[in-house]
Amino acid sequence: ATVANAATAYINQIGYRPADPKEFALVDGSGDIEIVNAAGQTVLQVTPKASSYWAPSTQNVQLVDFTALTVPGTYSIKQGGQVLRSDLKIADKTFEDVTKAALKWYYYQRASMELEEQYAGQWKRAAGHTNSTVTLHNSTGTSGTIQSSKGWYDAGDYGRYIVNSGITTYTLLSLYEHFPEYFNTLKWNIPAEGTLPDLLAEIKYNLDWMLTMQAADGGVYHKLSTLQFPGDVMPAKDTEKLYVIGKGTAASFDFAGVMATAYRVFKTFDATYAAQCLEAAKKAYAWGLQNPNKAFTNPSDVATGSYSDGELSDEKAFASMELFISTGDASYKPTIDPNKMSIVPAWPEMYGLAVYAAATHATEVGADAETAKQMLLQYANEFAYAASSGFGVVMSNEDFVWGSNAVAGNQGVFLLYAYYVTGEQKYYEAAKKVIDYLLGKNPLDMSFLTGFGTKSPKLPHHRPSTADKITDPVPGMIVGGPQPGGEDIGSKSWECKDYRTGVPATSYTDNRCSYATNEVAINWNAPFAYIAGALEALNAG
Ligand code: 9MR
């Protein structure tokens with residue numbers, strides 16, 4: 001009797017660009033792979049690479065390189081005469097739609113305004129958090145109210161947090177700054193903001209909010225939220241009192257770096273606005289220098305996201321570098337420390353951004369640019385090597401933390417930086433594999449982007465998607481992804497049953513309860529949008 005082939009092929013479910021390197025992963029396969037076109041003809045026969053062990057899923061994985069196939073179409077993957085799957089696609093501008101969707105999601109996250117049907121379609125909704133007079137919590141060191149509105153909700157909750165807005169807005173500003181031509185014309189149906197390109201119109205909506213969070217002395221408040229997380233209600237139904245909470249060093253330096261960058265990006269569109277951003281950056285930076293150790297922790301009456309970080313030197317380096325590049329004023333110039341280790345950016349890890357900025361501004365920063373470049377390449381070489389085995393990504397066990405998909409994403413962004421400074425194809429190829437991973441070439445066989453792919457999250461931890469009574473979740477959201485922490489597991493009604501598998505890369509559940517694996521967040525969408533947008537922009541025209 002013939003035993004059915006138990007092989008599984010894991011692919012980028014959105015597809016592959018015709019001229020790109022192309023690879024899928026195979027588990028439990030044996031023999032050659034045939035790729036068959038819609039007419040039933042075998043167009044490519046490939047011998048899979050030798051298998052390699054991937055610790056995060058404890059699987060032996062074979063990589064199958066089908067770069068030689070360049071004709072757009074939909075294909076089947078066969079092994080031993082058996083069809084493993086029939087949704088393999090090669091298409092021009094493969095990542096344009098996901099770029100638009102991932103960026104459009106920021107519009108869906110907008111506070112203080114109605115989402116009209118002409119833009120939001122079936123996800124139209126009433127405005128939330130419209131009362132712009134917000135009470136200063138005593139943790140700000142003062143009392144009274146400020147005027148604050150606009151901005152993006154952080155995640156599945158409705159908090160607005162400066163630290164997380166910082167890295168997010170910076171990543172999106174960088175996307176524009178690195179690829180202005182591409183983003184000057186790319187549009188995704190959001191309300192116009194003067195003549196700004198859509199990407200800058202969206203970014204400005206959050207910058208406007210961030211600017212309201214600066215106190216008269218230059219210091220920046222940490223966050224704006226209710227005291228407790230709201231229930232599963234639409235934004236307009238979350239009517240608990242809003243507070244401005246905390247004021248600290250991380251928020252002030254993150255704000256300073258973002259505003260210094262915004263100055264460069266908005267200068268040619270709106271000189272007055274750009275000047276306002278730069279002024280705000282300088283004042284926040286000066287406050288940070290005066291208050292170098294004001295680490296934020298949640299006050300005892302506050303339970304919303306804390307984004308607490310005790311290590312503040314990287315935020316300072318980031319702000320210094322961006323201010324230095326924007327102003328040319330040597331008094332801002334930070335020293336690049338080659339021994340600093342945590343170089344892949346994350347909300348509490350901003351050092352890598354300063355390193356990258358230094359590496360790409362040799363004229364301004366002088367000798368440090370070479371130090372920065374060497375640091376970048378030392379890691380990028382390890383990353384490129386790691387991408388040649390397992391599921392083709394850098395991710396190792398310790399990368400599977402809360403928001404692991406953003407770790408993968410930021411590794412990809414980092415690899416693209418290495419590509420820009422060297423032009424070496426191996427970095428492009430490794431960065432490209434990150435988007436394959438996020439869109440389905442992973443042991444869960446899952447595209448982590450809502451609304452896209454053969455199998456994608458249906459029940460994200462996202463209050464609007466839960467409360468809106470619409471079957472499909474809001475599209476264009478990258479969920480946090482697998483990780484073994486199980487912080488959301490328990491016996492209370494809103495908690496998850498144990499979904500852990502004993503290995504990091506499959507400890508995930510597509511369930512509303514799972515804020516530790518299936519929530520969405522602005523800082524997780526940004527690196528994905530950056531990679532998808534960069535891959536299109538680099539190949540445009
Ligand atoms: O992304 C944050 C992650 O790094 C932390 O481990 C986690 C627990 O503190 O919090 C995550 O951020 C959440 C924030 O605190 C509130 N909004 C939702 C965010 C994503 O889960």
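Reply: A pocket, on a 1 Å grid over the protein atoms alone, is an open set of points where a 1.4 Å probe fits, with protein on both sides within 12 Å along at least five of seven lines, and its lining residues have an atom within 4 Å of a point. The model is predicted, so local features need pLDDT of at least 70 and side-chain atom pairs 80 or more, while totals for chains, interfaces and linings use all residues. Residues are numbered from 1 along each chain, and side-chain values use heavy atoms, without hydrogens or water.

The second largest pocket holds about 220 Å³ of space, a volume being the space filled by probe spheres set on grid points joined across faces, edges and corners. Its lining consists of 15 residues, and those nearest the centre are His-129, Asn-131, Thr-239, Glu-240 and Leu-242. Sorted by class, this lining of the second largest pocket comprises 5 nonpolar, 7 polar and 3 charged residues (nonpolar: Ala, Val, Leu, Ile, Met, Phe, Trp, Tyr, Cys, Pro; charged: Asp, Glu, Lys, Arg; polar: the others, Gly among them).

The largest pocket contains about 1,400 Å³ of space. It is lined by 48 residues, and Trp-347, Val-401, Trp-402, Gly-403 and Trp-524 are the closest to its centre. Two or more lining residues of the largest pocket come from each of helix H11 (368–386), helix H12 (404–422), helix H14 (463–467) and helix H15 (522–538) (helices are DSSP runs of H or I, at least four residues, strands runs of E, at least two, numbered from the N terminus). The classes in the lining of the largest pocket are 26 nonpolar, 12 polar and 10 charged residues.

Because Glu-536 belongs to helix H15 and Arg-17 to the loop between strand S1 (8–10) and strand S2 (23–27), the pair ties together parts that are 519 residues apart in sequence. Glu-536 counts as buried, at 3% relative accessibility, and Arg-17 likewise counts as buried, at 9% (under 20% relative accessible area with a 1.4 Å probe, protein chains only; exposed is over 50%, partly exposed in between). By the salt-bridge rule, the count comes to 19.

How values were computed. Salt bridge = Lys/Arg side-chain N within 4 Å of Asp/Glu carboxyl O.
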